[in-house]
Amino acid sequence: MTGAARTDTTGRRLEQAIVTLLEQRGPTATICPSDAARAVYAGDGDGWRDLMEPARRAARRLVTAGEVEITQGGRTVDPAAVRGPVRIRRARRATAPAGGASA
């Protein structure tokens, strides 16, 4: 397997881990990218730390797909511009007004 193929596989596994971890929690819960990194890392020790940036990239791809939001301090942030610790939550979908009427 080439380095690019391994990276693609790891990225998909991280994306799936993010989605699965969020599905296992309440609808407003958040996770840390490290939760996904730990879920995907198969070794012992703290080697999961090498997956932190790939986990953040996986979260950014899920933002682009409309699946999740990246937050900092409880507020949604621009994933391309944010620095420092972040959380990931399910995307908050707009709800239709009662009765199905549209504005």
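## A hairpin to start with

Strands S2 and S3 form a hairpin with two residues between them, and there Gly 73 adopts a positive phi near 65°. This is a predicted model, so please read each value with that in mind.

## Strand S2 and its partners

S2 also pairs with a further strand: four bridges link it to S4, residues 87–90, again in an antiparallel arrangement. Where do these pairings come together? Have a look at Thr 71: in S3 it stands opposite Thr 76, and in S4 its bridge partner is Arg 87.

## The chain as a whole

Stepping back, the protein chain holds three helices and four strands. Read from the N terminus, the elements follow the order α-β-α-α-β-β-β.

The chain has 103 residues, and 31% of them count as buried. Its accessible surface is about 6600 Å², with carbon and sulfur atoms contributing 51%. Among contacts with a separation of 6 or more, 40% are between residues 24 or more positions apart.

## Rings and charges

What does sit over the ring of Trp 48? The charged end of Arg 38 does, 3.8 Å from the ring centre.

Technical notes:
Residues numbered from 1 in each chain as written. Predicted model: local features only at pLDDT ≥ 70, side-chain atom pairs only at ≥ 80, totals over all residues. Heavy atoms only, no water. Buried < 20%, exposed > 50% of the residue type's maximum accessible area, 1.4 Å probe, protein only. Contact = heavy atoms within 4.5 Å. Areas by Shrake-Rupley, 256 points an atom, 1.4 Å probe, with all protein chains shown as cover. Lys NZ or Arg CZ within 6 Å of the ring centre and 35° of its normal. Pairing = 2+ DSSP bridges.
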